[in-house]
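Subject: Structure handover

Hi,

Here is the structure for you to look at. My notes on it follow below.

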Amino acid sequence: MTDTRSLFAPARLGDVEIQNRIAMAPMTRNRSPGAVPNDLNALYYGQRGTAGLVITEGTTPDAGGRGYIDIPGLYNAAQVAGWRRVTDAVHAKGGRIFVQLMHTGRISHPDFLDGGSPVAPSAVAAAGAIVTRDGQKPHPVPRALAAEEIPVVIATYGRAARLAIEAGFDGVEIHGANGYLPSQFLSTNANLRTDDWGGSVENRARFLLGAVDAAAKAIGAGRVGLRVSPGSTFNDVADTDPEATLTHIATALRGQGLAYLHLVGGAYTYDAAGIARRLFDGPLMLNGGYDRARAEADIAAGRADIISFGSSFLANPDLPERLRTGAALNTPDTATFYGGDARGYTDYPVLVAAAA
Ligand SMILES: Cc1cc2nc3c(=O)[nH]c(=O)nc-3n(C[C@H](O)[C@H](O)[C@H](O)COP(=O)(O)O)c2cc1C
């Protein structure tokens with residue numbers, strides 16, 4: 001990290017140099033039919049390559065972790081080739097790009113798994129429904145992973161990390177947030193296991209920390225980031241003591257040289273950002289409803305090293321330039337967030353250059 005505490009100053013995240021402290025937050029866009037990234041996806045990400053760091057949408061590290069319509073994967077050669085076009089487009093703008101590895105666990109449906117059951121720590125269905133090609137369907141009761149299967153699933157994060165480097169990514173972000181598989185393991189309502197993978201916070205965090213470790217062993221810790229949201233109830237997870245969970249995770253990751261820890265934005269019932277800052281010794285990324293003033297204040301105060309922007313980056317391909325100049329922002333069109341074509345994806349206008 002440089003000492004220059006400005007949103008627009010370069011910085012270092014583990015092994016990766018970034019041109020500014022503005023990140024594009026991971027956002028699922030459901031526009032990769034066949035789970036293979038395509039030229040439209042490359043155009044979209046390339047348009048946003050003036051970010052210091054682009055984090056891709058949640059991407060399946062293994063066929064068993066599929067969920068949602070037309071989300072991309074990273075477990076076969078066609079996907080590596082597709083992602084290569086994306087990473088080249090971002091690098092051409094000077095940006096760095098990490099792929100977010102998202103195993104959906106119980107937030108899936110047999111429709112996405114060739115009729116198979118989603119897997120999870122325990123056979124507990126999430127409340128609510130998932131959008132399938134045939135409309136909304138209730139979340140099914142998942143199949144509880146057998147203890148001997150768990151290391152096999154963890155190993156898929158290492159394999160996907162190696163494929164990420166092959167595809168030209170600068171690193172990977174493990175999705176440990178928002179009620180997907182690692183977050184299901186962390187939770188006290190989705191994880192009812194009584195073996196080494198459930199019960200105490202050490203046991204509930206074993207899957208997540210194992211996934212981070214698998215990726216770090218594969219490509220080096222300095223190219224691995226982690227996203228968490230302890231206390232968030234998104235996708236029907238619960239945690240009776242989220243502060244203890246974050247304390248354990250941040251402490252366990254000390255001294256490992258990770259690229260960053262990324263906290264999902266939101267209303268926590270405890271000082272999540274402060275705990276992460278105090279206990280984790282690497283770069284900290286904060287997120288959630290940031291505008292320029294708040295982002296600059298948090299960087300200047302040393303509360304964060306980098307800020308990720310979600311919907312505002314979705315709607316403003318040139319967000320760093322707009323923040324730098326104080327220009328007005330385009331408004332995100334929520335109707336085109338999840339699926340569709342170029343509309344609401346690659347057609348948001350950029351600032352018109354001032355006449356020479
Ligand atoms: C369309 C959309 C898709 C999202 N998909 C993901 C995702 O795949 N993975 C993830 O960790 N968060 C996802 N999020 C959450 C964002 O990364 C971010 O935390 C959230 O938008 C809050 O940041 P913001 O206030 O800057 O938009 C998504 C958000 C949006 C708006």
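N178 sits in the loop between β10 (171-176) and α4 (181-186). Helices (H or I, at least four residues) and strands (E, at least two) are DSSP runs, numbered from the N terminus. This is a predicted model: local features need pLDDT of at least 70, side-chain atom pairs count only at pLDDT 80 or more, and totals for chains, interfaces and linings use all residues. Residues are numbered from 1 along each chain as its sequence is written, and side-chain values use heavy atoms, without hydrogens and water.

Most residues other than glycine have a negative phi. N178 is not a glycine, yet its phi is positive, about 60 degrees.

N235 lies in the loop between β11 (224-228) and α7 (242-252). At 16% relative accessibility, N235 is buried.

The lining (residues with an atom within 4 Å of a point) has 38 residues, and P26, M27, T28, F234 and Y338 lie nearest the centre. β4 (53-59), β7 (129-132), β14 (306-309) and α10 (311-315) each supply at least two lining residues.

The second largest pocket holds about 260 Å³. Its lining has 17 residues, with R66, Y68, D70, F112 and R133 closest to its centre.

Best wishes

Definitions and conventions. On a 1 Å grid over the protein atoms alone, a cavity is a set of points where a 1.4 Å probe fits but cannot get out, and a pocket is an open set with protein on both sides within 12 Å along at least five of seven lines; lining residues have an atom within 4 Å of a point. Grid points are joined across faces, edges and corners, and a volume is the space filled by probe spheres set on the points. Buried means under 20% relative accessible area, exposed over 50%, partly exposed in between (1.4 Å probe, protein chains only).
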